[in-house]
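Here's a friendly walk through a protein model with several chains.

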Amino acid sequence: MNIIGKLFMLFISASLINNIVFMRFLALCPFVGMSTQIETSIGMGAAVTFVMVMASVVTFFIYYYILVPLNLLFLRTIAFILVIAVLVQLVEMVIKRFLSGLYKAMGIYLPLITTNCAILGVTLLNINYGHNLIEAIVYSLGVSLGFTIALILLASIRDRLSYSDIPEFWKGYPIVFISAGLLALIFLGFQGLAH
Amino acid sequence: MKDFLKYVVNGIFKENPVLILMIGLCSVLAVSTSVQNAIGMGLAFSFVMIFSNIFVSLLRPITPNEIRIPVFIIVIGTFTTIVDLVISAYFPELYKALGIFIPLIVVNCIIIGRAEAFAYRHNVLESIADGIGISIGYIWAIVALGLIREFLGNGTILGKTLFSWFNPAKVFTMPPGAFWGIGLLIGLLKWFEKRMGRR
Amino acid sequence: MKNILRYGLTLFIICAIAGGVLAYTYETTQKVIEANKIREKIMLLKELIPDASDFVSSSNKPNSFDPLVTIKEIYIAKKDGKDVGRVWEVSTKGYSSDIVLLVAINDSGAIEKVKVVSQQETPGLGTEVTKDDFLAQFIGKKEANLEVKKNVKPVSGATISSSAVVRAINEVLKHNKI
């Protein structure tokens, strides 16, 4: 039971308490760029979840079974990003060929994910935190859920903003960032959950 | 020479990566809690940016279109790792402050974006100019944000308290402050550009 | 087919060169990083025995009596060539993590200072064992008869973490007697 409890805490921590966008500042490019509509947000969130979990698993094995035994830790960054790039390519090809429905829903977001700092960030954090394989998977799921929530929240706000009367120089991205800041303030409230 | 300067100035204002193109924001928002960290991050970024541009441009003759992305990644990744190793060895304090954002330079959309959009299509000298311009653009944006956040959030600049009567609002050193700060800067730049356009 | 070979070769060569450059950079920086680590260690040890001018790692590392305690390192503090004390680096099983602490014994066999180096105990409870409020009571102790609630005041709400620290200190004092 204790393991389940720990994993649950890990999940909540990854998605809410240390939300990847509002607390860790990762995945900001898609966050700002893709939050124009709620549908695209969900599609992007799904794609990110998919890639992130797989990347965590693959990089886990590469780190502990190749880099560590061969004492090549300094190649960590390059190895991980190459793995992610290849993974994204493969996933895109496979989905396009075998799951065309899925491809129509989220395939177009896949190429953008390679440079999503959250993917590389999470694979590196798994190493820093010393996660085992199960923890890495749970952590990735939590982080991607947190990302999806953040994306949907901002998309909803932007939707409302389009009906509002905004002063000239705040129009467009400035007001988006102010809104994001307010969301961040709200998420700060989750800090109390940890203790 | 005039072309060289044109590319440099382009990166600082018209195509400022952070405030106009709005890419590479992760490191800018995360590391701008103090001016010192902002400068450190800016310099680390610049090293990778300029050298990546140089080598992507140099390797053009042997980089066929189909494998250009892996080549970009290897080049950028190499320089990122060099910066990672050097900072961890010679500047351990800065290394702790920048954290994972040093290795994350390799996925910084600015560098890959510039490799694809510029360095792959221009010669080495022009790529150097673009690299310098973009780097200055990045540095002034992240330092400006750092100034706002450190002053409003901590009352200090580079660690030195400016006004003893000023009671800082910690929220600015925290995530909300980062978002508000960048929103403010983008809005200010828009206003500034409008005024320059009117003249 | 020919294209794939060409691409593969190009990538391979670029990778090889990149790998070589990185390996060289790594070798060079590693030396500096090692030197930094040693310097930081010495600064930490100086916090415990400020008089010392140098610390030497002892080659004689005995096995611990207590199975829950591991003796990691023993540093002999030297001043002008003379032995002025020892610093024991021990690891003990805490409530939710291994607690690593440094115990400094001066040349009269009494505890000079205790400092916790790393732990992942419960924030606000177990983590209080790192504070001087708790650790100061061990200064001057010589006998390995320390026991929580008998002659040691634990951190309230963190009996297990406190006992772990006490266990480690007892271990050090036991060895010191020999």
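Let's start with a rule for telling inside from outside. A residue is called buried if 20 or more other C-beta atoms lie within 10 Å of its own, exposed if there are 12 or fewer, and partly exposed in between. Keep in mind, too, that what you're looking at is a predicted model.

**A threonine in chain C**

Now try that rule on Thr159(C). Thr159(C) has 15 C-beta neighbours inside 10 Å, so it counts as partly exposed. You'll find Thr159(C) in helix α3 of chain C, which covers residues 159–177. Who does Thr159(C) touch, once its neighbours within four places in sequence are left aside? The answer is Val148(C) and Pro154(C).

There's also a database note on this residue. An unreviewed UniProt entry lists Thr159(C) for "modified residue: FMN phosphoryl threonine".

**A valine in chain B**

Next, hop over to chain B and look for Val83(B). Is Val83(B) buried or exposed? With 23 other C-beta atoms within 10 Å, Val83(B) is buried, because the cut-off for that label is 20 or more. Val83(B) is part of helix α4 of chain B, residues 68–90. Leaving out neighbours within four places in sequence, Val83(B) is in contact with Ala44(B), Phe47(B), Val48(B), Ile102(B) and Ile105(B). As for Gly183(B), it lies 100 residues from Val83(B) in sequence and 30 Å from it in space, C-alpha to C-alpha.

**Chains A and C, side by side**

Time to zoom out to whole chains. Here are some values for two of them.

| Property | Chain A | Chain C |
|---|---|---|
| Helices and strands | 9 helices, 0 strands | 3 helices, 5 strands |
| Order of elements | α-α-α-α-α-α-α-α-α | α-β-β-β-β-β-α-α |
| C-alpha span along principal axes | roughly 60 × 45 × 35 Å | about 80 × 45 × 30 Å |
| Buried residues | 43% of 195 residues | 30% of 178 residues |

What about overall shape? A compact globule of 195 residues would have a radius of gyration near 16 Å, and chain A, at 18 Å, agrees with that. For chain C, a compact globule of 178 residues would also come out near 16 Å, but chain C has 23 Å.

Take the contacts in chain A between residues at least 6 apart in sequence: 77% of them join residues at least 24 apart. In chain C, residues 24 or more positions apart account for 52% of the contacts with a separation of 6 or more.

**Two domains in chain C**

Stay with chain C for a moment. Its domain assignment gives domain 1 (1–48) and domain 2 (51–176). How many Å separate the centres of domain 1 and domain 2 of chain C? Taken over C-alpha atoms, the separation is 37 Å. The two domains do meet: 5 residues of domain 1 of chain C are in contact with 9 residues of domain 2 of chain C. On the domain 1 side of that meeting place there are 3 nonpolar, no polar and 2 charged residues.

**Where chain A meets chain B**

Finally, look at the place where two chains touch. Here 30 residues of chain A are in contact with 35 residues of chain B. Which elements of chain A give two or more residues to this side? They are α2 (28–33), α4 (76–98), α7 (117–128) and α9 (173–188) of chain A. The largest share comes from α9(A), with 9 residues. And what kinds of residues are they? Sorted by class, the side of chain A that touches chain B has 26 nonpolar, 4 polar and no charged residues.

Notes:
Residues numbered from 1 in each chain as written. Chains lettered and ligands numbered in written order. Predicted model: local features only at pLDDT ≥ 70, side-chain atom pairs only at ≥ 80, totals over all residues. Helix = DSSP H or I, 4+ residues; strand = E, 2+ residues; numbered from the N terminus. Contact = placed C-beta atoms within 7 Å. UniProt positions renumbered as here; feature names shortened; annotations may be inferred. Rg over C-alpha atoms; globule rule 2.2 N^0.38 Å. Nonpolar A, V, L, I, M, F, W, Y, C, P; charged D, E, K, R; others polar. Domains from an automatic or database assignment.
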